[in-house]
Amino acid sequence: MAGWNVCREWEIIMSKVRAAIIGASGYAGEELIRLLIRHPEVDLRVITSRKEAGKNISDIFPRFGDYELKFSAPDVKMISETCDVAFLALPHGLAAEYAAPLVEAGVKVIDISADFRIRSTAKYKEYYGVDHPAPDFLKKAVYGLPERYRDQIKKADLIACPGCYPTSIILPTAPVLAAGLASPENIIVSADSGVTGAGRKVDLSYIFPECNESVRAYGIVRHRHLPEIEQELAVAAGVEELAMNFIPHLVPVNRGIFSTIILKASAGCTMDAVAEAYEKAYGTERFVRVLPKGKLPDTKHVTMTNSCEIGFVLDDHTGNLILCSVIDNLTKGASGQAVQNLNIRFGLDEAAGLL
């Protein structure tokens, strides 16, 4: 079997990567379609949706009408026989049902759901209310934040893409914690997300009259993204665990996340030291843009891109280090990052299909 895998990987290198999207009718699925159909090294062969099975892609997404693709019901056997990689754009719990058999069949899996992000089964049950559906596969999963786990992603069979809020918080915060420039205690994050972050569904809370001209907080205690953020920031800080406040808000825009992170600066923390920490972490990264000292980011600069833009200020009045970041929640926060992971895993140009 090992020899077969080596041969198969060589065949992929010599040809296009054959891809499937399971759960392709949602916002993340649509974004994956947008990115993969223009990817020079990918052959998008399968798009699935139980609800839309049998319909042409143009019936659901008219802007893709030039492409000969049809939705089908998800079929693990068919996908494993025809595809090298499967993207899972499914709700938590359901994704694990497909991830396990696909990985066992030799398909690389890139999961956009939350099923394999949290390493602790106890934390998963605490925040999602059910036992983890495939605990043995947690050990196989690599957290798919390329700027921190690139080497592991290169060899992974199962990649757990970070959530959109976590991406916007971990990228600016991890380098300063790792450099000892701020305390891992009493971190406070206020983050604003566009409405597509809630998914493509009919729900009174997210229809236009309820969201337009309105800003509201939600999930300010025990939000499901909290354990994922705490897990990764604890790793960066070199501590066993940490506790923080995460306060998300819904804002009346389609796409984008703006996160403001407040940390207590350590003795010796300066603007130059923060800039140096970011240069060390992201100086050669193509999708993280650190702004000049004192300049702050804007979501309009990253919409429809795979970029994260970061700004920072040291407040000598309070002794706090204030970090700000922006991403597109559907691209760097979900599908774009998934494609970035695909590129890394299959040895392609990391920016292929993303520029």
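## Ser-259 and its surroundings

The side chains of Ser-259 and Ser-168 meet in a polar contact of 2.7 Å. The model is a predicted one. Ser-259 belongs to strand β11, which covers residues 257-264. Its relative accessibility is 0%, so Ser-259 counts as buried.

What else does Ser-259 touch, leaving aside neighbours within four places in sequence? Ser-168 is on the list, along with Ile-169, Ser-190 and Ala-191. Leu-323, Cys-324 and Ser-325 complete the set of contacts.

Strand β14 spans residues 320-327. Seven of its eight residues are buried, so the strand is mostly covered. Strand β11 runs antiparallel to β14, and eight bridges join the two. Phe-258 has Val-326 as its bridge partner in β14.

Strand β13, residues 308-315, also runs antiparallel to β14. Here the bridges number seven. β13 and β14 make a hairpin with four residues between the strands. In that hairpin, Gly-319 takes a positive phi near 75°.

## The seven-stranded sheet

Another set of strands builds an open sheet. Its order is β3-β2-β1-β4-β5-β7-β6, seven strands with parallel pairing. Which strands lie at the edges? They are β3 and β6 (141-143), each pairing on one side only.

β1 and β4 run parallel and are joined by four bridges. Ile-21 has Phe-87 as its bridge partner in β4.

## Helix α5

Helix α5 covers residues 94-104. Its buried residues are Ala-95, Ala-96, Tyr-98, Ala-99, Ala-100, Leu-102 and Val-103. Residues three or four places apart in an α-helix point the same way, because the helix has 3.6 residues a turn.

What do the buried residues of α5 pack against? Their partners include three strands of the open sheet named above: β1 (17-22), β4 (85-88) and β5 (108-111). Strand β7 (158-160) and helix α4 (76-82) are packing partners as well. Just after α5, Gly-106 takes a positive phi of about 95°.

## Nonpolar cores

The largest nonpolar core holds 81 residues. Those with the most contacts inside it are Ile-33, Ile-47, Phe-87, Leu-233, Met-244 and Phe-246. Phe-87 is also the β4 bridge partner of Ile-21. Helix α8 (residues 164-178) gives the most to this core, with eight residues. In soluble globular proteins, nonpolar side chains tend to be buried together.

Met-244 touches Ile-187, Val-189, Leu-226, Ile-229, Glu-230 and Leu-233, leaving aside neighbours within four places in sequence. Another core lies apart from the largest one. It has 24 residues, among them Leu-88, Val-103, Phe-116 and Ala-141. Val-103 is also one of the buried residues of α5.

## Aromatic pairs

How many aromatic pairs are there? The count comes to seven. One of them is formed by Phe-61 and Phe-71, with ring centres 6.4 Å apart and planes at 55°. This pair is tilted, because an angle over 60 degrees would be needed for edge-to-face and one under 30 for stacked. The two residues are 10 apart in the chain, and their pair links distant parts of it. Phe-61 sits in the loop between α3 (57-60) and β3 (71-72), while Phe-71 lies in strand β3. Both are buried: Phe-61 has a relative accessible area of 3%, and Phe-71 is at 2%. Ring pairs also bring in Phe-64, giving a cluster of Phe-61, Phe-64 and Phe-71.

Tyr-143 and Tyr-149 form an edge-to-face pair. Their centres are 6.1 Å apart, with 85° between the planes. Tyr-143 is buried at 5% relative accessible area. Tyr-149 has 10% and is buried too.

## Charges over rings

Terms used. Residues are numbered from 1 along each chain as its sequence is written. This is a predicted model: local features need pLDDT of at least 70, side-chain atom pairs count only at pLDDT 80 or more; totals for chains, interfaces and linings use all residues. Side-chain values use heavy atoms; hydrogens and water are left out. Rings of Phe, Tyr and Trp (its six-membered ring) pair if their centres lie within 6.5 Å; planes under 30 degrees apart count as stacked, over 60 as edge-to-face and the rest as tilted. Buried means under 20% relative accessible area, exposed over 50%, partly exposed in between (1.4 Å probe, protein chains only). A polar contact is a pair of N or O atoms within 3.5 Å; within protein, one must be able to donate a hydrogen and the other to accept it, and residues adjacent in sequence count only if both atoms are side-chain atoms. Contact means heavy atoms within 4.5 Å. A nonpolar core is a set of buried Ala, Val, Leu, Ile, Met, Phe, Trp, Tyr and Cys residues joined through side-chain atoms within 4.5 Å. Two strands pair if DSSP finds at least two bridges between them.
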